[in-house]
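Here is a friendly briefing to read beside your structure. Keep the viewer open, and follow along topic by topic.

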Amino acid sequence: MSERTETRRSYVASRWERLNGHRRVPGVDLARGLAVIGMFAAHLVSIPPFEWTDASTWHDVVNGRSSILFATLAGVSVGLVTGRTTPFAGPELSLARSRLAVRAVLVWLLGIALISLEVPVLVILPAYAVLFLLVLPLLRLPAAWLFALAAALAATMPFVQFVVAGWSLWATPQGWLIDAAIGGHYPFLVWSAFVVAGLGVARLPFSRPRTAAALLGVGSALALVGYAIGAATAGARAGERESLWAFVTNSDAHSSGVAEVVGSGGFAIAILGLCVLVTSTPLTWVVLPLRAVGAMALTAYSAQLIAWALLQPAPAPGESKLSAFRALEPFWPFTLWTIVLCTAWALLVGRGPVEWAFDRIVRFAVPDSLETP
């Protein structure tokens, strides 16, 4: 065997190991891949409101829940890079916090750049960046404390958000800029519950099938409770749309009510548990393309919006930009090309280009030498 052939095989093996090695959690990659594809669907497909009795509306599950799954997995990711079940301490923790802070700034800048494309999508990345920063003081907390805090945030922050959403500031040009800068459509006051819960999950040995099954069970129970509250109060809310009670009992997508936080937060935890269980079986190889998308979620998300900006047709008179683009039926082409390209990139090149660039910038800004006092 020639030296060139051996080098080529070693390179391919290293790419394979990066996607499938012990440093990655396949279930997290799968869940993140599903979240990305779910957001594609929420953006690119016109979906009627969910009705239990009408199976044709069931794909409305992607609305709101995909982005909440993405936020919950942000907390999981933070936990994975800060010690997993044993949180970092001392200089190691300081290094991790500094790098996460720099990464948050980069994510925010990327989000603002994507907003500047003027694609008719509410970009989640600015809110994602804010949530990264909010969770930094909590990295030493154990799982039980994190879950208790997540529950407290879920129970109280929708009430605070009701007050904040009523401020006259948001109707001003300055308010619009602030809202865009902090990702106001994904209110961090409420969404902090998802990231904290995700961090709590990462402090558990959740890659074990028994723990994953518990996450699936608990998450499903929470989802049932949240959506049951929303369904039971739907009729009464119809005549009180502006009241606090109607706000907090709402389980609709992007409503920010307690019922949505509990229901969709539970849904996200259940999906993560299910994904971990799936990837603990031979099915992990079947879903490898989706895992590849999840391994470079920022690249996939950004590429979708850049492609959208390039392909956006001029809307007809009276037609919105969103309707004009959806008329092209872009969901399946975007999704299939994303899966194919991400899989090929993961196996032939390695880390996604955005993830690679961010890692280089972060390590340059916060070098390993800062680990020692």
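Predicted model: local features only at pLDDT ≥ 70, side-chain atom pairs only at ≥ 80, totals over all residues.

**H2 and H14**

- The crossing of H2 past H14 is right-handed.
- On the H2 side, the residues that meet H14 are Arg32, Val36, Met39, Phe40, His43 and Leu44. Their counterparts in H14 are Ala297, Ala300, Tyr301, Gln304 and Trp308.
- Sorted by class, this contact of H2 with H14 holds 8 nonpolar, 2 polar and 1 charged residues.

**H2 and H13**

- H2 also meets helix H13, residues 288–295: their axes come within 7 Å and cross at roughly 80 degrees.
- An angle of that size falls in the 65 to 115 range, so H2 and H13 are roughly perpendicular to each other.
- H2 brings Pro26, Asp29, Leu30, Arg32, Gly33, Leu34, Val36 and Ile37 to this contact. H13 answers with Leu290, Arg291, Val293, Gly294 and Ala295.
- The contact of H2 with H13 divides into 8 nonpolar, 2 polar and 3 charged residues.
- How many of the residues of H13 are buried? The count is 6 of 8, and H13 is mostly covered. The buried residues are Leu288, Arg291, Ala292, Val293, Gly294 and Ala295.

**H14 and H17**

- H14 has a further partner in H17: the axes of H14 and H17 come within 6 Å and cross at roughly 120 degrees. That makes H14 oblique to H17.
- Ala297, Leu298 and Thr299 are the H14 residues in this contact, and they meet Pro353, Val354, Glu355 and Phe358 of H17.
- By class, the contact of H14 with H17 has 5 nonpolar, 1 polar and 1 charged residues.
- H17, residues 353–365, includes aspartate 359. At 12% relative accessibility, aspartate 359 is buried.
- Which residues touch aspartate 359, leaving aside its neighbours within four places in sequence? They are Arg103 and Arg351.

**Cysteines**

- How many disulfides does a search of the whole structure find? The search finds 0.
- Cysteine 275 is in no disulfide, and the nearest cysteine sulfur to its own, that of cysteine 342, is 16 Å away. With 3% relative accessibility, cysteine 275 counts as buried.
- Cysteine 342 is likewise in no disulfide, with the sulfur of cysteine 275 as its nearest cysteine sulfur, 16 Å away. Cysteine 342 is buried at a relative accessible area of 6%.

**Loop residues**

- Arginine 84 sits in the loop between helix H3 (65–80) and helix H4 (90–115). Its phi is positive, about 55 degrees, although arginine 84 is not a glycine. At 31% relative accessibility, arginine 84 is partly exposed.
- Glutamate 118 is in the loop between H4 and helix H5 (125–135). Glutamate 118 is not a glycine either, yet has a positive phi of about 60 degrees. Is glutamate 118 buried or exposed? With 58% relative accessibility, glutamate 118 counts as exposed.
- Histidine 185 belongs to the loop between helix H7 (173–181) and helix H8 (188–202). Its relative accessibility of 34% makes histidine 185 partly exposed.
- Beyond its neighbours within four places in sequence, histidine 185 contacts Leu122, Asp179 and His254.
- From C-alpha to C-alpha, histidine 185 is 22 Å from leucine 136 in space, and 49 residues separate the two in sequence.

Methods
Residues numbered from 1 in each chain as written. Heavy atoms only, no water. Left-handed = near helix turned anticlockwise from the far one by under 90°. Helix = DSSP H or I, 4+ residues; strand = E, 2+ residues; numbered from the N terminus. Contact = heavy atoms within 4.5 Å. Nonpolar A, V, L, I, M, F, W, Y, C, P; charged D, E, K, R; others polar. Disulfide = S-S within 2.5 Å. Buried < 20%, exposed > 50% of the residue type's maximum accessible area, 1.4 Å probe, protein only. Axes fitted to C-alpha atoms, helices over the stretch in contact; angles between N-to-C directions. Parallel < 35°, antiparallel > 145°, perpendicular 65-115°, else oblique.
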